[in-house]
Amino acid sequence: MDYHSKQTIANLCIVLLFFIGMLLLFRFSSFPNPLLRIQKSPCGTNAIGGSRDCDLDLALAKASMENKIVIVAFINKAYAEQDVNGDNVTMFDLFLSSFWLGEGTRSLVDHLLVVAVDQTAYDRCRFLRLNCFKMETDGVDFAGEKLFMSSDFIKMMWRRTLFLLQILKRGYSFIFTDSDVMWLRNPFTRLSNDTNEDLQISTDSYLGNPWLENNNINTGFYFVRSNNKTISLFETWYGKKDISNGQKEQDVLEGLIRQGIIRQLGLRVRFMDTLYFSGFCEDSRDFRAVTTVHANCCRSITAKITDLKAILHDWKRFKMLQSSESNNLTTTLRWSDHRACHISWHH
């Protein structure tokens, strides 16, 4: 074969390869990549309210400890967004600051699942590179401040209860924490390790006996183990939503306890001592024992932020005195008055 014949064949091969390449390019640009299609395949929706099942599963798996325990907190725009000047501290800022300032709490942020109920809160969470999940809620705006016992406040509390039920049904145990709870120490050092205890729940006022059902519960902080009994409890609890007009979900759960649901379901429930899991309703008596401080018995976000700033200041002062071994001073420390919260009830 002479030189010109070889050159002609080579040119034909080049042209053929060009057309094959163009054909392949057209084919893959016209149809989605099957691998990408698998990765982006839609998941079924469930009762959470438009949230994707697989997204929640992935978020829980990412935040979970080895024993399938997660920490769950809810935020909305009112708790997460700074004002137009950008110089104020938000409730969410204070919440995260407590993990930084607390004892043995920094690593727990890795196991915190932040559930955002609006886009602004979700964007803020993502910006902070936390474990975030956006809870879709059709037809309801949960972005603004919801004053205690307002209609929207009650709706938001019930939506939260339904969402937490979905987590239990997925086999995850969890600490639920309001974002106005300051985590000053690792709560797992104070919570019972007994797997037979189904629910450990905080109290507004502690009556001295962890098994006494007359303790005034607070659903702003509790630890619940996932099992058939607790799922039944949450199902019964949420089932009361439409016949409990004017009652927040905490009142309904307290009513169920008074009516004997603990014995009916065979639950083991521990009511937590405010010495360790305290709040504005009843301060912890000992800085050396306190684990969490909840801005309960307070009506507005502004008042809570003011008084929680004082709490973190008190805590930093305690830590400073402790490091200087001023034991006589640490035992006489007292929490700042929750003045702003007291005033909030008169506005």
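Is the link of Cys125 and Cys132 left-handed or right-handed about the S-S bond?

Reply: The link of Cys125 and Cys132 is left-handed, with -95° about the S-S bond; this is a predicted model, and the values given here are computed from it. The sulfur atoms of Cys125 and Cys132 are 2.0 Å apart, and both residues count as buried because they fall under the 20% limit of relative accessible area, Cys125 at 0% and Cys132 at 14%.

The structure holds three disulfides, and another of them is formed by Cys281 and Cys297, whose sulfur atoms lie 1.8 Å apart. Here the torsion about the S-S bond is about 100°, so the disulfide of Cys281 and Cys297 is right-handed. Cys281 lies in the loop between β9 (277-279) and β10 (292-294), while Cys297 lies in the loop between β10 and α11 (301-323), so that this pair ties together parts that are 16 residues apart in sequence. Cys281 is partly exposed, with a relative accessible area of 28%, and Cys297 is also partly exposed, with 39%.

A further disulfide joins Cys298 to Cys341, with an S to S distance of 2.0 Å, and at -85° about the S-S bond this link is left-handed. Because Cys298 lies in the loop between β10 and α11 whereas Cys341 belongs to helix α13 (residues 339-344), the pair ties together parts that are 43 residues apart in sequence. Cys298 counts as buried at 4% relative accessibility, as does Cys341 at 1%.

Notes:
Residues numbered from 1 in each chain as written. Predicted model: local features only at pLDDT ≥ 70, side-chain atom pairs only at ≥ 80, totals over all residues. Heavy atoms only, no water. Disulfide = S-S within 2.5 Å. Buried < 20%, exposed > 50% of the residue type's maximum accessible area, 1.4 Å probe, protein only. Helix = DSSP H or I, 4+ residues; strand = E, 2+ residues; numbered from the N terminus.
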